[in-house]
Amino acid sequence: MADQTIAKYLNELTILTMLRIQGQASRIEIARHLAVTPATVTRLVNNLIERGLVQDVELPNPGRQANREPGRPATNVALNADGAFFFGVEVGVGMLRFALLNLAAAVVEASEMPFNGRMSPEQVADEIALQVNRLKDNPAYRDGLKGVGIAFPGIVRSDGFVVNLPIVGWRDVDFPRLLSPLIDLPFFIENDANAGAFGCAYNDPSLPGTCTLFLKLDAGCGGAVIVDGRLMRGANGTAGEFGHLRLSDDGPLCGCGNRGCLESRIGLAAVAEQFWGTAHLSEIELAELPGQIVAAARRNDARAIETLDSFAHWLVQGLVSLVNLYNPSVVFLAGPLAKLAEAAIDRISEGVSRGIVTGVPAPTLMLSSLRPQEGAIGAAAIAHHHTFDISRVAVITPR
Ligand SMILES: [Zn+2]
């Protein structure tokens, strides 16, 4: 790419990111933001209009717009939300979740597909291809579909190779090799907690962006860290295994072979064991468990209160260590067991504030507003980000 082409490409991404975050902007604002001449902005914007990615929108009060370009009608530039679409898939236990985002990163469609037993990697690849083809058959999305994101519940490498998904029973799966021949779109593979974290941060540009943590409270306890708008993946992409944060030397045996991990205290199996005396429940019973515990605790059921107390206690222990380590401004709690956290949120916040090292500011605990689709929405957001976004933080500071 010649230097001029690179500059044009970066300017285009900056305009698209700016419009996604602030909604719309005048050409003069864009010129100031890019530090280029109005003539350059006109060329860039015209090109984006021709490609259907942005459009002119009328100003609410055109007469009051003082600093518009002379001779040009009083319009702002905004994204053409239907100019591009991104498909996200989350592979879960007994469930595939789907989400479609438009160019404005808003959710256009979200659905889920329950299935019995376990799906093989080949079956999942076939189903993703089927869904992509279904979208391409729809004239509304056919030309606009630009990328696919896929979130898996476990350890995946940065290159998309699936290392280990204990909860769905996959090991060492070269998923990109399976999917590549089936779809003709770029696709991006990510761990489900990383995808959920990215979705939560990407969909709310007003959040303070310096450091956000994400904890998915489910069968496992996946975590993710976002620093300056980017996922912290580690050397191989496996960072954020918060579920295996060891809180004690004793305690229940964890799936990783150690004792005393956070996941073995607050994972779905631990919660089921404490409330029902067994973790051997059907998938439907497990799905209903968090709601049942919260309802029973409201009726003062002793077992439910004990389960909720234990969950809150161990979650606080885990969060205290994480907050001491990372100093996040926001911690998102997501996944089905976030319902338990929601029922005890004041207590958990106070416990974290009391437990962290003096001088470390307490973060804001937030419940994910994208539940239960955050993995699929986040996967689609990752595809959006790779295609049309320069950086979440690049346009936060007004110039
Ligand atoms: Zn463990």
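Predicted model: local features only at pLDDT ≥ 70, side-chain atom pairs only at ≥ 80, totals over all residues.
**Entry 1: helices H10 and H12**

With that cut-off in hand, I looked up where helix H10 meets helix H12. From H10, the residues are Ala 312, Leu 315, Val 316, Leu 319, Val 320 and Val 323. They meet Arg 347, Ile 348, Gly 351, Val 352 and Gly 355 in H12. Sorting this contact by class, I noted eight nonpolar, two polar and one charged residues.

Next I checked the geometry. H10 covers residues 302-326 and H12 covers residues 345-355. Their axes come within 9 Å and cross at roughly 45°, so I wrote the pair down as oblique. The crossing of H10 past H12 is right-handed.

**Entry 2: helices H8 and H9**

I then turned to another helix pair, H8 (residues 268-276) and H9 (residues 283-298). Here the axes come within 11 Å, with a crossing of roughly 60°. H8 and H9 are therefore oblique to each other. H8 passes H9 in a left-handed crossing.

Which residues of H8 meet H9? I found Leu 268, Val 271, Ala 272 and Phe 275 on the H8 side, facing Leu 286, Leu 289 and Ile 293 in H9. By class, this contact has seven nonpolar residues, with no polar and no charged ones.

**Entry 3**

I followed three strands that form an open sheet, ordered E1-E3-E2, with antiparallel pairing. The edge strands are E1 (24-25) and E2 (54-58), each pairing on one side only. Between E1 and E3 (residues 75-79) I counted two bridges. Gln 24 stands opposite Ala 78 in E3. A reminder for myself: strands of a sheet pair through backbone hydrogen bonds.

**Entry 4: the domains**

Last, I looked at how the chain is divided. Domain 1 spans 3-79, domain 2 takes 84-198 + 376-388, and domain 3 runs over 206-367. The C-alpha centres of domain 2 and domain 3 lie 25 Å apart. Their contact takes 16 residues from domain 2 and 19 residues from domain 3.

Which elements supply at least two residues each to the side of domain 2 that touches domain 3? They are strand E8 (155-156) and helix H6 (192-202). H6 gives the most, with six residues. By class, I noted nine nonpolar, five polar and two charged residues on that side of domain 2.

How values were computed: Residues numbered from 1 in each chain as written. Domains from an automatic or database assignment. Contact = placed C-beta atoms within 7 Å. Helix = DSSP H or I, 4+ residues; strand = E, 2+ residues; numbered from the N terminus. Nonpolar A, V, L, I, M, F, W, Y, C, P; charged D, E, K, R; others polar. Axes fitted to C-alpha atoms, helices over the stretch in contact; angles between N-to-C directions. Parallel < 35°, antiparallel > 145°, perpendicular 65-115°, else oblique. Left-handed = near helix turned anticlockwise from the far one by under 90°. Pairing = 2+ DSSP bridges.
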